[in-house]
Amino acid sequence: MHKKQKQPQQDLASKNWYQDFTRFVQLKGLAERSRLTYYGWVRQLAGHYPDQHLPELPPERVLDFLVHLQDERKLRPSTLNQAVCGLRTFFRDHLGLDWDIWKKIHIKRDEPLPHVLTRDEVARLLRTFRDGRYRAFCTVVYQCGLRLNEALSIKPKHINGERLVIYIPKSKNRKAREVPITPRLLVRLRKFYASHKNPEWLFPGVGRGWKGSGIPLRQALHRSSHPMSKSTVWQAIKAAVAESGLSRTHDHLCTHTLRHSYATHMLEGGASVRQVAAYLGHSTLKEVIRYLHLTEISEARGRDALATLADC
């Protein structure tokens with residue numbers, strides 16, 4: 001049986017129809033991650049049918065490819081859904097081919113319950129950090145419900161002490177937002193910032209070679225032109241999880257676990273689903289409802305809920 005060869009990416013990139021598609025996707029205003037995902041699935045389809053002109057591919061062949069991804073490659077429902085979205089954008093939205101197959105495809109996506117810590121476990125984790133930089137960073141992630149990239153990108157000018165909010169620029173859903181902070185957290189952040197006074201970043205990085213440079217940490221942080229790296233945060237959390245003993249009861253604990261914990265604890269404390277969705281930066285309530293199925297509670301209790309979060 002003849003094995004299909006993957007079409008070279010450089011050959012595909014030179015084709016007019018592919019160039020037209022990339023321009024179309026760019027004009028849709030999607031996040032870079034989504035754009036790259038859509039390009040990738042179109043390339044995979046082209047590689048699956050190397051002898052076919054993709055814009056003229058019949059719907060049956062596209063459906064066969066999706067079945068191949070599901071039955072032979074055993075892709076997870078969430079990944080399969082990405083393939084559907086990418087190919088649908090190409091054939092339906094870009095080429096205008098509104099096939100019936102898009103209406104027939106129903107993928108049941110995995111929706112596991114969010115992994116959360118109790119308030120005591122959060123406090124235990126935060127107390128374990130030996131380096132104050134990582135304790136301050138993870139405290140902000142938890143008490144503001146931030147994504148890793150959002151917390152790393154915080155600048156001193158983003159903190160409004162008078163209004164007690166942190167401004168979060170455009171992130172995953174390409175919408176800026178503000179998240180509230182407590183007066184106590186504001187004091188802690190000011191104290192932490194005073195320890196380095198970097199003009200650009202709240203959480204500056206120092207790079208790999210600073211220990212051997214003879215430069216004090218405070219000076220290295222002050223001079224840094226880049227934020228703390230993801231890898232250093234991951235390493236610090238991994239060490240703290242192991243030292244705290246939480247690794248025995250929690251698998252794959254990461255910064256997103258703190259974000260999940262924030263959402264759950266805010267809802268338990270009395271904040272409304274709509275309010276928590278806004279703080280998390282979600283455009284719909286569906287993402288938040290999965291944390292807790294609670295009835296709406298007055299928004300006036302949102303600040304009270306914020307005060308119930310673990311503070312160490």
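A residue is called buried when its relative accessible area is under 20%, exposed when it is over 50%, and partly exposed in between (1.4 Å probe, protein chains only). Pro 183 is exposed, with a relative accessible area of 53%. Pro 183 lies in helix H10, where helices (H or I, at least four residues) and strands (E, at least two) are DSSP runs numbered from the N terminus. Between the C-alpha atoms of Pro 183 and Val 165, which are 18 residues apart in sequence, the distance is 9.9 Å.

The structure is a predicted model, in which local features need pLDDT of at least 70 and side-chain atom pairs count only at pLDDT 80 or more, while totals for chains, interfaces and linings use all residues. Residues are numbered from 1 along each chain as its sequence is written, and side-chain values use heavy atoms, with hydrogens and water left out.

The protein contains 16 helices and three strands. Of its 312 residues, 43% are buried. Contact means heavy atoms within 4.5 Å. Among contacts between residues at least 6 apart in sequence, 64% join residues at least 24 apart.

The pLDDT, which is the predictor's confidence in each residue from 0 to 100, averages 85 for the protein, and 87% of the residues score at least 70. Where pLDDT is low, the predicted coordinates should not be read in detail.

A nonpolar core is a set of buried Ala, Val, Leu, Ile, Met, Phe, Trp, Tyr and Cys residues joined through side-chain atoms within 4.5 Å. The largest such core has 52 residues, of which Leu 125, Phe 129, Phe 137 and Ile 166 touch the most other members. Elements that each supply at least two residues of this core include helix H7 (119-128), helix H8 (132-144), strand S2 (165-168) and helix H12 (230-244). H8 gives the most to this core, with eight residues. A second, separate core of 28 residues includes Val 25, Val 42, Cys 85 and Leu 87.

In H7, the buried residues are Glu 121, Val 122, Ala 123, Leu 125, Leu 126 and Thr 128. These buried residues pack against H8, H12 and H13.

H8 and H12 pack at an angle of about 95 degrees, with their axes 11 Å apart. Axes are lines fitted to C-alpha atoms, for helices over the stretch in contact, and angles run from 0 to 180 degrees between N-to-C directions. Angles under 35 degrees count as roughly parallel, over 145 as roughly antiparallel, 65 to 115 as roughly perpendicular and the rest as oblique. H8 and H12 are therefore roughly perpendicular to each other. On the H8 side the contact is made by Tyr 134, Phe 137 and Cys 138, and on the H12 side by Thr 232, Val 233, Ala 236 and Ile 237.

Helix H3 (residues 32-48) and helix H4 (residues 59-71) pack at about 100 degrees, with their axes 11 Å apart. H3 is thus roughly perpendicular to H4. Here Trp 41, Gln 44, Leu 45 and His 48 of H3 meet Val 62, Phe 65, His 68 and Leu 69 of H4.
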